[in-house]
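Subject: Structure handover

Hello,

Here is the structure I said I would pass on. My notes on it follow below the files.

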Amino acid sequence: MTTVEATAVQGKTGRVFADLHLHIGRTERGEPVKISGSKDLTFRNIAYEAAVRKGIGLLGVIDCHSPGVQRDIESLLDSGEMNQISGGGIRYRDTTILLGAEIEVRDAGFGTAHHLIYLPDFAEMQSFTKWMSRSMRNVQLSSQRLYVPSRELQAEVKGRGGLFIPAHIFTPHKSLFGSCSDQLQDTLVPNLVDAVELGLSSDSEMAGFIPELDTLPFLTNSDAHSLSKIGREYNELSLQESSFQELKLALEGAGGRAITANYGLNPVLGKYHRTYCVNCGSLAGDTQDAERCLQCGSLKQVRGVLDRIMELGAKAGRSEPVVPRDRPRYIYQVPLEFIPGIGPKTLTKLLDQFGTEMNILHDAPTEAIAEIAGESAAAVIADARTGSLKLQAGGGGNYGKVAVSRKS
């Protein structure tokens, strides 16, 4: 295995798209890693999909703690198909893969939360796996319970020069605010948190109801369980190169590096945006009872992200969101697979013409898109760029939908 120097242009930054929460479904030998992940989600396939089809320059693969995944990585490094770079990460073509893990922790007296960690190089990740294996029942699998306090995990990660980021912080299952506690400081050391991941059902304005988050960077990632979901949410960064050290500087806002935009689903499209009644399937409206469904009276409800955030905001005494002036812009992005009229065949034609999904979503003229996908689909992409789509809310594990598109 060799480490190669990155090809950065000293002193100059450029636009890099980053999706930092991608799961491995299986190893190359077919061993399960993320049980609910697609079998096609291997380390190699993720790299190819992101680099060639999606146009994403910085990836976070968060199952790299798995010994089976590490064996695949070693093979790719030994063959020369991929290389470690001096700034931290593994380079494939023009894309860099950061080595991460998603870890489940439950502190005494609190609920369960998932946290993302990223380490600067492969040797640190291998060493971290050995440390975790002493307190984890099956280190081969993704998102497993680590039987240590959250603060101990934080200290271990920071001692290795890593990044610590609570995952999908508002979702009703296994998240910092959705199921663990009412305050970040209940279970974590605040100054050892490098950023927070908002999750698919919230945005910067919604998170602005939580005073604790005012000074923390926000990340928007896909949490992809299949190849097609890569890049459904992503970040726009200003970096000198795609690497671990450059991401660290961007989270710190240092040296001209920065998060310049968060591209995410409109929260209405998220699976857990509104409270959902398990009994009758209805979604909460603007008026709801905290305990019972207003439609059928059932107590079996899945708490929606919007409703949980409003509850936390009220406890913190904040009735209006606060979005700091230096907070990066949040842009509602509708992935191509959500857009009516763009099926697999049409998508292939668009990729043949425009190269990558990022080019289609951001840069391709809508007139040129219309020639391939039709005026209706092109109009939806245009509306997605301006955030003017009409949407149907999601909840209870079901995504929302693009309800109405304007006609050209």
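**Gly 14**

Gly 14 is partly exposed, its relative accessible area being 32%. Keep in mind throughout that this is a predicted model. Gly 14 lies in strand 2, which covers residues 14-22. Leaving aside residues up to four places away in sequence, Gly 14 touches Leu 237, Ser 238 and Leu 239. Its C-alpha is also 9.2 Å from that of Arg 257, although 243 residues separate Gly 14 and Arg 257 along the chain.

**Cysteines**

How many disulfides does a search of the whole structure find? The search returns zero. Two cysteines show why, given that a disulfide needs sulfur atoms within 2.5 Å. For Cys 277, the closest cysteine sulfur is in Cys 296 at 3.6 Å, which is too far for a bond. For Cys 280, the closest cysteine sulfur belongs to Cys 277 and is 3.7 Å away, again too far for a bond. Cys 277 counts as buried, at 1% relative accessibility, whereas Cys 280 counts as partly exposed, at 39%.

**Positive phi**

Most residues other than glycine have a negative phi.

- His 168 is not a glycine, yet has a positive phi of about 30 degrees. His 168 sits in the loop between strand 8 (163-166) and helix 5 (176-180), and counts as buried at 9% relative accessibility.
- Asp 223 has a phi near 50 degrees, positive in a residue other than glycine. Asp 223 is in the loop between strand 10 (218-219) and strand 11 (234-239), and counts as buried at 18% relative accessibility.

**Helix 3**

Helix 3 runs over residues 122-133 and has 12 residues. From first C-alpha to last, helix 3 reaches 17 Å, close to the 16 Å expected at 1.5 Å a residue. Which residues of helix 3 are buried? They are Phe 122, Met 125, Phe 128, Thr 129, Trp 131 and Met 132.

**Helices 11 and 12**

Two packed helices are described by the angle between their axes and the distance between the axes. The axes of helix 11 (residues 366-373) and helix 12 (residues 375-386) come within 7 Å, and they cross at roughly 145 degrees. The crossing of helix 11 with helix 12 is right-handed. On the helix 11 side the contact is made by Thr 366, Ile 369, Ala 370 and Ala 373. Helix 12 contributes Glu 375, Ala 377, Ala 378, Ile 381, Ala 382 and Arg 385. By class, this contact has seven nonpolar residues, one polar and two charged.

Helix 12 itself has 12 residues and reaches 17 Å from its first C-alpha to its last, close to the expected 16 Å. Its buried residues are Ala 377, Ala 378, Ala 379, Val 380, Ile 381, Ala 382, Asp 383 and Ala 384. What covers the buried residues of helix 12 includes helix 11, helix 10 (357-362) and strand 15 (329-332).

Regards

How values were computed: Residues are numbered from 1 along each chain as its sequence is written. This is a predicted model: local features need pLDDT of at least 70, side-chain atom pairs count only at pLDDT 80 or more; totals for chains, interfaces and linings use all residues. Side-chain values use heavy atoms; hydrogens and water are left out. Axes are lines fitted to C-alpha atoms, for helices over the stretch in contact, and angles run from 0 to 180 degrees between N-to-C directions. Helices (H or I, at least four residues) and strands (E, at least two) are DSSP runs, numbered from the N terminus. A crossing is left-handed if the near helix is turned anticlockwise from the far one by less than a right angle, and right-handed if clockwise. Contact means heavy atoms within 4.5 Å. Ala, Val, Leu, Ile, Met, Phe, Trp, Tyr, Cys and Pro count as nonpolar, Asp, Glu, Lys and Arg as charged, and the others, Gly among them, as polar. Buried means under 20% relative accessible area, exposed over 50%, partly exposed in between (1.4 Å probe, protein chains only). The expected span of a helix is 1.5 Å times one less than its number of residues.
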